Structure formats: structure tokens, C-alpha cells
Amino acid sequence: PIPSSLSAGETSVLAGLYGPAEAKLSKELPDRAALEVLLRPKVGLPGVLERSREQQLRQTCEAVVLGVLHPRTAITLVLQVVSDAGSLLSCCLNAACMGLLDAGLPLSSLFCGVTCALGPDGTITLDPTARQEQEARAVLTFAIDSSERKVLMATTKGSCSVEEMQQCLVMAQRAADTIFQFYRDSLHRRYSKS
Amino acid sequence: YLVPNVELPSLCSERFRSGPPGEEAQAASQFIADVIENSQMIVKEDLCIANGKLAWVLYCDIICLDYDGNLLDASVFALLAALKNVQLPSVIINEETGLSEVNLKQKTPLIIRKHPVATSFAIFDDTLLIVDPTAEEEDLATGTVTIVTDEEGRLCSVHKPGGSPLTGAKLQDCITRAITRHKEVKKLIDKVIKSIMPK
């Protein structure tokens, strides 16, 4: 088990990855690793919203992790929300990716999460704070992959027009470059010391 | 307010066991709640009877009878059709006792402002896209996308829970198709509602 913590502004998520370990008979898949994601909120028990987020995170990770190299095993990713000040889902996505990298699991590409908030006057803000999210007309979260900047996961809250969504997507793809650079830098720092 | 609940009982498919709702049912319930909120289909103020005292709570139970893929689209239609049928009895608050008196004889239909329609696509290795997948297609697919549009062509929700990556252009393709489909489905719903109205 290797924990890694990611904070973006005030939002902070702790990710712990366990695996590939032996899977229970009921959960094991014959040809690939079974991925499980558990999202624990800061207060209270996990509810329907957490389940829906877990499903999104799980399918995003499944698309990226080379599960066929570890059949009949289980990979468990536990995410604990330490503090939430907006852009929580993209913080979870980034923490998940760093956790996967840190644990040394084979991945086909990296991914990063970017949140865009559409203000009432049409301005687009990246990585909004909780306050900006509330005031926004729409909040869109994308998971962008590193190989071709394609969309791995998309979720929207609030309604927006098609053009606005495309604009947000383009901005998110550009922001992804900065985040991937940050991944590279932090891994470089970690492995150059030891 | 509105509380949606999607149930996937074992009678609809052998893949679901009886017991507490599984991940799929919970994720679907959350999706429906998001669609209702994003599209502003029902404005919560319309459900208010007396400011700060009394309001209607609508519990929507969406029970799957037969599962052959594309759960989200079907749930959204079922919800829309059911809400169109809802009649709210008028409530008068007795000033002296402070209690409410419900008049079941006088009913008004629920005001629905927007009509969101969901369109799902199954992705196969980021080349092929199939609209309205069946259960078999969904199992073999490497990812799914669900797009919810309303009458004005605005996007209420883009739901892509992981799966193989899509380029922006492909996503745009899906959206245009979803908008065309919205028009066809809206006509269908209107026709059906009109045919049962006289009852």
C-alpha cells in the first residue's frame, strides 16, 4: 500500500493504492485485473453521489491500466477527501493517476482531471473554487489522456450550449499540458533523490 | 423537491441480485437527479405550497422491468412521461388551525418547463459508435457516452464515465446526432400524451 496526497489550492485528496493482490473468487475476472475504487467523503458515510463518482473513476482507470498483464488480481484504490474547496472530482482524478504512477502499475497513458466553470456572463474559469462553482451557470469536468489529449471522461453540471462546451474542452486540453508537466517534475524529484 | 430512485430488481436481468442497490442503480439514480437539476425541468418553487411551511415532495421510483441495455435513456423517458401525467391536488391552509386541507377533487397538472431527452452511444475502440446499444452491445463496448439535450439544443448533461478516449470531433458528432434524435423523440412523446389525455 502506497499513499500519495494531492492538493490543488485548498482541495486535498489522499489516494492509497493496494495491488495487484489476490482477488476474492466472486470478484475475480479470468483475463484481467479487477479494479475497485472507494471514495470516502470528509464527513458522513458514502452515499449515492460517491457511488456515481466511484463508477466514473473506476471506468476511467480501467481504460488506462493494462489489466491484462495481471489477470485474476484485484487492484483497490481508496480516495479520502481531506478538504474540499471546489474542483473535487478533478482533484480525485489527478490523485488517482499519481497513485497509479507511484505504485508502478503498468499504464497505457496518463490522465489528468480539469474542471471548467462557465460564469453567468460567459467567462470560462479553470479550476474554480467552491464559490465560483456555485455562481457558475455550468461546471464541466473532463479527464484528458496524455497520449493524444482525447477525452476519457466527461461530466457536466448545469446546462450550456454546444459551442461553450467545445471551448471549455479546448481550454481543458491546453491546461492538461501544464498538469502533465507537473507530474513529470514531481516524479523526477522523487526518483532523483533516491 | 424531487427524489428520484432507480431500481434494478432481479426480475429484469440475471446480472442483478436482490439486496441493497448495486453500483449501477445508484449511479443511475444520481444521473437522473443531475438531469432534473441541470435541465431545470421542474422548478422547485412550483412545488411550494406555502413559503417556509409546506411543499410537495415528489418521490419518483423508476423500476426496470426488462433490461436490454441503455438504462439511462429509458429512465429519462419514463420519468418525463410520468411527470407529464402528474396532477397535484390543490391545498388550502386553514388560517385558524394552521393545518392544511387537501382537496382531491381539484387537481392541476404539474408544470414542466423543459423536456430533456437522453441519447446513449456505445464506443468501440474509439472508432465505432452505436446509438441506443442493447445489453450485448454494451457488454462488448469499451465505453459509453450519454448526452442529454433539451428543446433549445442546449446540453443539459454530457455523461461519459471513463472508457476508451474520444476526440473532440467525435464528441461533437455525437452531440449533433443527439440533437436530431431529440426532435424525433419529442414528437413521439407529444403524440402519446395527446392520445391518453381525454381520460
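## Where the two chains meet

Let's start at the boundary between the two chains of this predicted model. Across the interface of chain A and chain B, the rule finds 10 residue pairs in polar contact, with both partners at pLDDT 80 or more.

How many salt bridges does the rule find across the interface of chain A and chain B? The count is 1. Its partners are A:Arg58 and B:Glu23, and their closest N and O atoms are 3.1 Å apart.

## The extent of the interface

The size of an interface is often given as the accessible area lost when the parts come together. For chain A and chain B, the buried area is about 2,500 Å², and 54% of it lies on carbon and sulfur atoms.

## A pocket lined by both chains

Now have a look at the second largest pocket, which has a volume of about 1,300 Å³. Its lining is made up of 49 residues. To find its centre on your screen, look for A:Leu49, A:Arg53, A:Lys157, B:Gln30 and B:Asp34, the lining residues that lie nearest to it.

Which elements give two or more residues to the lining of this pocket? From chain A they are H1, helix H2 (88-103), helix H3 (130-135), strand S7 (138-145) and S8. From chain B they are strand S1 (2-7) and helix H1 (23-39). The largest share, 9 residues, comes from H1(B). By class, the lining divides into 23 nonpolar, 15 polar and 11 charged residues.

Some elements turn up in both parts of this story.

## Chain B as a whole

Finally, step back and follow chain B from end to end. Chain B has 4 helices and 10 strands. Starting at the N terminus, its elements run β-α-β-β-β-α-β-β-β-β-α-β-β-α. Along its principal axes, the C-alpha trace of chain B spans about 70 × 40 × 35 Å.

Methods:
Residues are numbered from 1 along each chain as its sequence is written. Chains are lettered from A and ligands numbered from 1 in the order in which they are written. This is a predicted model: local features need pLDDT of at least 70, side-chain atom pairs count only at pLDDT 80 or more; totals for chains, interfaces and linings use all residues. Side-chain values use heavy atoms; hydrogens and water are left out. Buried area is the accessible area (1.4 Å probe) that two parts lose on being put together, summed over both. A salt bridge is a side-chain nitrogen of Lys or Arg within 4 Å of a carboxyl oxygen of Asp or Glu. A polar contact is a pair of N or O atoms within 3.5 Å; within protein, one must be able to donate a hydrogen and the other to accept it, and residues adjacent in sequence count only if both atoms are side-chain atoms. On a 1 Å grid over the protein atoms alone, a cavity is a set of points where a 1.4 Å probe fits but cannot get out, and a pocket is an open set with protein on both sides within 12 Å along at least five of seven lines; lining residues have an atom within 4 Å of a point. Grid points are joined across faces, edges and corners, and a volume is the space filled by probe spheres set on the points. Ala, Val, Leu, Ile, Met, Phe, Trp, Tyr, Cys and Pro count as nonpolar, Asp, Glu, Lys and Arg as charged, and the others, Gly among them, as polar.
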